[in-house]
Amino acid sequence: MTRYRYSPIPESQVTPRELFESRRRFLNTGLALGAAAIAPGLLWPRSSHAWQGPLEARIDAQLPSHDLAGGEAPTSLRDITTYNNFYELGTGKRDPEIYGHQLVTDPWSLTIDGEVDKAGTFALEDILKHQDLEERIYRLRCVEAWSKVVPWIGFPLANLLKRHEPTSRARYVVFESIHDPDNLRGQRRSVLDWPYREVLRIDEAVHPLTLLAVGLYGEILPNQSGAPIRLVVPWKYGFKSIKSIVRISLVEERPPSSWEERNPEEYGFYANVNPAVDHPRWSQARERRIGESGRRETLMFNGYADEVAHLYAGMDLQRHY
Amino acid sequence: MDQRTAINLFRLLVLVGCSAPAFWLGWQWFYGDLGAVPGEAVVHFTGKTGLILLLLTITFSPAFRFTGWVGFMAARRQIGLWAFFWLVAHMLAWMGLDQYWDWPWIRREMVELPYIRYGVAALLLLVPLAITSFARVRQAMGWTAWHWLHRLIYVAAALGVTHLWILTRADYLLPTLFAAVLAALTLFRLIDAAIHRQ
């Protein structure tokens with residue numbers, strides 16, 4: 001049987017990054033000059049690349065890196081970026097890669113509201129300039145029984161929430177994804193009740209493992225991975241790690257999350273990775289690691305039990321799945 | 001074009017149409033174009049192709065009824081066997097490329113997971129149909145018994161659509177389409193039978 005392989009690109013055909021970027025700069029300069037010449041006074045979009053440039057520069061600098069996947073090899077960048085669930089861009093696994101360009105990420109702003117003393121809408125660049133970035137290598141386990149190991153770049157959600165001073169009534173954190181049916185093909189069909197929404201308990205949200213990611217593999221997040229900013233909760237099934245976030249609300253009473261609303265029997269609010277609680281239609285005991293053959297045993301809390309099990313002490317996890 | 005040539009051309013069309021997807025799949029596999037999880041892509045592709053061909057097989061009798069053209073009846077056995085071929089390939093792909101021939105797990109999933117049970121049941125129902133599709137067996141059976149037995153294709157198709165329906169996560173476009181086609185074909189069959197009984 002023929003093995004699965006990629007057709008290799010010879011080293012000689014790969015454009016060096018410096019050259020690629022200098023071409024891009026050259027083109028941009030040319031375009032800018034042309035536009036300035038033919039349309040004086042035309043408002044040049046101020047915010048274009050407002051957050052990308054500074055973020056790229058920060059990511060290119062040496063960031064501290066933490067391996068929280070027990071030394072397991074990261075999944076290849078190609079596998080991470082060509083096998084995704086991002087229903088805003090289509091329900092096929094390759095749709096997010098193919099239609100990723102439909103996601104307009106620049107400019108981007110984030111609304112933080114509800115039970116916080118410092119509510120408001122903030123440009124992404126203003127959010128990021130207050131945060132120290134780091135690389136974190138995490139396991140990612142999808143509810144569909146596949147998994148990856150991803151080197152994320154981001155910062156703890158707790159650090160952001162702290163800056164906005166949650167009130168004592170803040171018990172849950174609600175996240176909302178972009179809603180842009182004019183551009184996002186998946187949102188023109190009601191597969192889910194758009195926009196996508198996820199919810200964490202406040203103690204889960206401020207847990208040091210809970211990350212807001214803005215990059216992976218030493219690059220800005222590709223669109224199919226939830227650019228420009230997404231949640232990563234490594235001990236929960238992947239659908240909890242909401243992509244392309246535009247709003248974070250702290251609330252007292254929680255609304256249902258999108259999948260919970262769609263089918264509460266199958267997608268619980270907690271959605272903690274648990275090999276002992278099967279999805280009603282398939283087993284959760286094993287998983288397929290993308291890029292590997294065979295199956296692995298799924299780990300309790302996706303291997304993060306030591307860090308997070310105390311959050312659920314005394315709870316019946318068969319019932320609160 | 002005389003009748004005989006037209007029928008032969010149609011049979012050739014069915015042959016090419018039903019085998020071409022296998023070449024396409026082999027090509028994609030060889031060049032690594034099936035994505036990050038090629039085994040899963042093969043399982044999905046063989047299953048969809050098999051189910052589409054199974055539904056197409058059922059359309060051949062009504063097509064003959066409406067048009068009166070015998071070409072449909074001449075190619076019906078061929079397309080039915082192709083559907084069976086693709087569904088067997090689907091099951092083998094699932095066992096080998098998805099479950100890696102891990103027999104205890106294959107057994108467990110067959111017993112525990114409803115969608116696997118429906119799929120296996122559909123395929124089992126198709127086995128006697130494939131065996132009795134040969135002319136000599138059919139003659140030995142007699143027309144009435146053969147005719148009754150082959151109505152099982154409706155049951156198998158319904159099980160197949162149910163299998164797809166259950167494993168679908170959120171996007172029900174395709175299973176809805178398949179279910180609607182099968183419902184229309186079944187309805188036609190019942191009405192047709194009722195008219196002929198009178």
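Me: At what angle do the axes of α8(B) and α9 of chain B cross?
Reply: Roughly 160 degrees, and the axes come within 9 Å. Keep in mind that this is a predicted model.

Me: Parallel or antiparallel, then?
Reply: Roughly antiparallel, because the angle is over 145 degrees. The crossing of α8(B) and α9(B) is left-handed.

Me: Which residues meet there?
Reply: From α8(B), the list includes Y154(B), A158(B), V161(B) and W165(B). Among those in α9(B) are F178(B), A179(B) and L182(B). The contact has 10 nonpolar residues, 1 polar and no charged.

Me: Switching to the chain contact. How many residues does each chain put in?
Reply: Chain B gives 15 and chain A gives 20. On the chain B side, α1 (3–30) and α8 (152–167) each supply at least two residues. That side splits into 12 nonpolar, 2 polar and 1 charged.

Me: Backbone next. Which peptide bonds are cis in chain A?
Reply: D106(A) to P107(A) is one, with omega near 10 degrees. W194(A) to P195(A) is another, with omega near -5 degrees.

Me: Where do those prolines sit?
Reply: P107(A) is in the loop between α4 and β2 of chain A. P195(A) is in the loop between β6 and β7 of chain A.

Me: And which non-glycine residues have positive phi?
Reply: A271(A) is one, near 50 degrees. W101(B) is another, near 55 degrees.

Me: Is A271(A) buried or exposed? What about W101(B)?
Reply: A271(A) is buried, because it has 21 C-beta neighbours inside 10 Å. W101(B) is exposed, with 10 other C-beta atoms within 10 Å. W101(B) lies in the loop between α3 and α4 of chain B.

Conventions: Residues are numbered from 1 along each chain as its sequence is written. Chains are lettered from A and ligands numbered from 1 in the order in which they are written. This is a predicted model: local features need pLDDT of at least 70, side-chain atom pairs count only at pLDDT 80 or more; totals for chains, interfaces and linings use all residues. Two residues are in contact if their C-beta atoms, placed from the backbone, lie within 7 Å. Helices (H or I, at least four residues) and strands (E, at least two) are DSSP runs, numbered from the N terminus. Ala, Val, Leu, Ile, Met, Phe, Trp, Tyr, Cys and Pro count as nonpolar, Asp, Glu, Lys and Arg as charged, and the others, Gly among them, as polar. Axes are lines fitted to C-alpha atoms, for helices over the stretch in contact, and angles run from 0 to 180 degrees between N-to-C directions. Angles under 35 degrees count as roughly parallel, over 145 as roughly antiparallel, 65 to 115 as roughly perpendicular and the rest as oblique. A crossing is left-handed if the near helix is turned anticlockwise from the far one by less than a right angle, and right-handed if clockwise. A residue is buried if 20 or more other C-beta atoms lie within 10 Å of its own, exposed if 12 or fewer, and partly exposed in between; C-beta atoms are placed from the backbone.
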